[in-house]
Amino acid sequence: MMRSIFIFLGLAFWFQSAGFAQSNAPVSASPTDKPLEEVFDAPVLKLSSDQVVQGQLCALELEAPWREGVQYTLEGLGQKIPFYDQGPIPNKSHHRFRTFLSVKADLKPGGYTLSVKDEEGHRALKEHLEVKPGSFYSQYIRFVSPPLKPEQQKQVAEEDKWVDAVKDLRTEQAFWNGPFVLPVPHRVSAAFGTRRYLNGKYNGYHSGVDFASPMGYPVKAPGGARVALARYFSKYNSNGNLVFLDHGQGITSVYIHFSKLAVKEGDRVSKGQTIGYIGSTGRSTGPHLHWGFYLNGQNVDGLAWIRFSERAFQ
Ligand SMILES: [Zn+2]
């Protein structure tokens with residue numbers, strides 16, 4: 001039953017984008033006087049929801065023709081992100097492709113267009129996404145940055161390059177399966193998306209989730225991953241000691257302020273494996289975990305991802 005609804009929605013959309021929308025004949029009731037194989041070959045784009053709250057995410061599934069080297073790209077919300085091949089669909093010439101789109105926590109609410117393009121830039125499909133306002137806390141911070149000496153600045157700039165090199169990873173392989181879990185079981189002390197005002201001026205939103213965890217507590221990988229970065233940073237760097245996990249297919253996560261690391265770069269970790277220990281290194285006023293979660297390089301609420309993964313990957 002789900003299957004036939006899915007195909008029907010896809011057909012309705014395909015007719016519309018091909019300019020059949022004005023036709024008075026109902027497209028839906030009897031979908032075809034076309035040959036069956038032509039109908040079943042129409043590409044289909046399916047969104048997990050056509051309404052998304054700021055800071056949350058949308059999963060997109062595409063059924064489309066496959067050929068060697070084919071690459072479909074999703075454009076929308078100011079992002080260009082790849083679809084990842086999930087393999088052939090039985091009894092069809094198509095493959096299933098998938099990607100996850102993050103909605104910035106301060107993106108203006110309203111209607112947005114998403115379009116799918118192939119590697120030659122031809123637009124294959126188009127969809128509408130409605131962004132709804134979220135509710136977020138505000139934090140007012142007074143902070144005076146102590147001036148760094150030139151050699152300290154140089155050191156920090158070098159370290160920041162390590163992070164830049166991994167934060168936009170789009171690895172084809174998925175290292176995870178099934179739902180994600182929390183990295184620690186503690187109270188959230190600063191939610192994702194909290195608006196931050198630095199000395200009275202809006203300074204962006206909190207790009208991760210902070211947990212009030214005790215010093216030395218072991219932090220778990222929330223899903224299978226490859227360790228892309230595991231390093232001790234200088235005391236001048238605001239991150240402190242850091243682990244960056246590549247879960248694959250555009251999904252990454254970061255853990256900062258660790259007292260001690262438990263993994264090395266290149267390690268494969270499984271869900272629930274300890275990756276490091278709570279600390280207060282970097283710009284931190286006490287022991288806690290800052291957990292950042294990213295979809296194709298764009299931050300998203302990790303708790304929203306866990307809830308989504310529990311529904312989507314049983
Ligand atoms: Zn934080």
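Here is the chat that followed.

Me: Before anything else, what kind of model is this, and what's the average pLDDT of the chain?

Reply: It's a predicted model. The chain averages a pLDDT of 87, and 87% of the residues score at least 70.

Me: Where is the pLDDT below 50?

Reply: Over residues 1-32, for one; that stretch still has 27 contacts in the model beyond near neighbours in sequence. Residues 34-38 also stay under 50, and there the model has two contacts beyond four places in sequence.

Me: OK, the fold then. How many helices and strands in the chain?

Reply: Four helices and 23 strands. The chain has 314 residues, and 45% of them are buried.

Me: And of the contacts between residues at least 6 apart, how many join residues at least 24 apart?

Reply: That share is 67%.

Me: Let's do sheets. What's the strand order in the four-stranded one?

Reply: E1-E3-E7-E6, an open sheet with antiparallel pairing. Strands E1 (44-47) and E6 (84-88) are at the edges with a single partner strand each, so one side of each has no neighbour in the sheet. From one strand to the next, the twist averages 20 degrees.

Me: Which helix packs on that sheet?

Reply: Helix H4, residues 302-312, which touches strand E3 (57-65) and E7. The direction of H4 makes about 50 degrees with that of E3.

Me: What about the five-stranded sheet, what's its order?

Reply: E2-E9-E8-E4-E5, again an open sheet, with mixed pairing. Strands E2 (51-53) and E5 (79-82) are the edge strands, each pairing on one side only. Here the twist averages 30 degrees from one strand to the next.

Me: How do E4 and E5 pair?

Reply: In the antiparallel sense over four bridges, E4 being residues 73-76. Within that pairing, Glu 75 has Lys 80 of E5 as its bridge partner.

Me: Where do Asp 210 and His 290 sit, and are they buried or exposed?

Reply: Asp 210 lies in strand E14 (residues 208-211) and His 290 in strand E22 (residues 289-295), so the pair ties together parts that are 80 residues apart in sequence. Both Asp 210 and His 290 are buried.

Me: Last one: where's Leu 182?

Reply: Leu 182 is in the loop between helix H3 (150-166) and strand E11 (188-190). Leu 182 is partly exposed, with a relative accessible area of 40%.

Me: What is Leu 182 in contact with, leaving aside neighbours within four places in sequence?

Reply: Phe 211, Leu 303 and Ile 306. Leu 182 and Ile 306 are 124 residues apart in sequence, yet 7.5 Å apart in space, C-alpha to C-alpha.

Terms used: Residues numbered from 1 in each chain as written. Predicted model: local features only at pLDDT ≥ 70, side-chain atom pairs only at ≥ 80, totals over all residues. Heavy atoms only, no water. Pairing = 2+ DSSP bridges. Helix = DSSP H or I, 4+ residues; strand = E, 2+ residues; numbered from the N terminus. Axes fitted to C-alpha atoms, helices over the stretch in contact; angles between N-to-C directions. Contact = heavy atoms within 4.5 Å. Buried < 20%, exposed > 50% of the residue type's maximum accessible area, 1.4 Å probe, protein only. pLDDT = per-residue confidence, 0-100.
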